[in-house]
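Here is a briefing on one protein model. Look over the sequence and the structure first, then work through the points below.

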Amino acid sequence: GRRKSSMKRTAPRSTLRKIIKKHKPQLRLAANADLLVHLSFLLFLHRLAEEARTNAFENRSKIIKPEHTVAAAKVI
C-alpha cells in the first residue's frame, strides 16, 4: 500500500506575532507567547467543534450546520 507523507504542522509564528503586534502594539511579547496564543486558539476551535457536534446531534442532524456552530460560539 501507499504510505501517506506526514505533514509537520507548525504555528505560523511570524504571522501570528505580526497580528498580535498590530492589535496590541504596546505589548512586549515573550519569546514563546505566540505559541501560547496558537495553543489557546486550537483549544478554542476544538471546544467549538465539540459543542457544535453536540448541537447537531441534539437536533438530530447528521451534519454540523452553521447555526450549530453559531449556537456553540454563544455558549463558549
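## Briefing

Helix H2, residues 33-58, gives the most to the nonpolar patch, with four residues. The model is a predicted one. The protein has three helices and zero strands. Read from the N terminus, its elements run α-α-α. Of the 76 residues in the protein, 16% are buried.

**The nonpolar patch**

- Which residues form the nonpolar patch on the surface? They are Phe 41, Leu 42, Phe 44, Leu 45, Val 75 and Ile 76.
- Together these six names account for about 510 Å² of accessible area.
- One of them, Leu 45, is found in helix H2.
- Leu 45 has a relative accessibility of 37%, so it counts as partly exposed. The reason is that partly exposed covers values between the 20% limit for buried and the 50% limit for exposed.

- Another salt bridge joins the side chains of Asp 34 and Arg 17, at 3.0 Å from N to O.
- Asp 34 lies in helix H2 and Arg 17 in helix H1, so this pair ties together parts that are 17 residues apart in sequence.
- Both pairs count as salt bridges because the rule asks for a side-chain nitrogen of Lys or Arg within 4 Å of a carboxyl oxygen of Asp or Glu.

- Is Asp 34 buried or exposed? Asp 34 is buried, with a relative accessible area of 0%.
- Arg 13 counts as partly exposed, at 35% relative accessibility.
- Arg 17 counts as partly exposed too, at 28% relative accessibility.

- The side chains of Arg 53 and Glu 50 meet in a salt bridge, at 3.0 Å from N to O.
- What separates Arg 53 and Glu 50 along helix H2? They are three residues apart, so about one helical turn lies between them.
- Glu 50 is partly exposed, with a relative accessible area of 33%.

**How H2 meets H3**

- The axes of H2 and helix H3, residues 66-75, come within 8 Å. They cross at roughly 125 degrees.
- That angle makes H2 oblique to H3. The label follows because angles over 145 degrees count as roughly antiparallel and 65 to 115 as roughly perpendicular, while the rest between them are oblique.
- The crossing of H2 past H3 is right-handed.

- Where is Ala 52? Its place is in helix H2.
- Ala 52 counts as buried, because its relative accessibility is 2% and buried means under 20%.
- Ala 52 and Pro 66 are 14 residues apart along the chain. Their C-alpha atoms are separated by 8.8 Å.

How values were computed:
Residues are numbered from 1 along each chain as its sequence is written. This is a predicted model: local features need pLDDT of at least 70, side-chain atom pairs count only at pLDDT 80 or more; totals for chains, interfaces and linings use all residues. Side-chain values use heavy atoms; hydrogens and water are left out. Patches are made of residues with over 30% relative accessible area and no salt bridge: like charges are joined within 9 Å, nonpolar side chains (Val, Leu, Ile, Met, Phe, Trp, Tyr) within 5 Å. Accessible areas come from the Shrake-Rupley method with a 1.4 Å probe; for residues, only the protein chains shown count as cover. Helices (H or I, at least four residues) and strands (E, at least two) are DSSP runs, numbered from the N terminus. Buried means under 20% relative accessible area, exposed over 50%, partly exposed in between (1.4 Å probe, protein chains only). Axes are lines fitted to C-alpha atoms, for helices over the stretch in contact, and angles run from 0 to 180 degrees between N-to-C directions. Angles under 35 degrees count as roughly parallel, over 145 as roughly antiparallel, 65 to 115 as roughly perpendicular and the rest as oblique. A crossing is left-handed if the near helix is turned anticlockwise from the far one by less than a right angle, and right-handed if clockwise.
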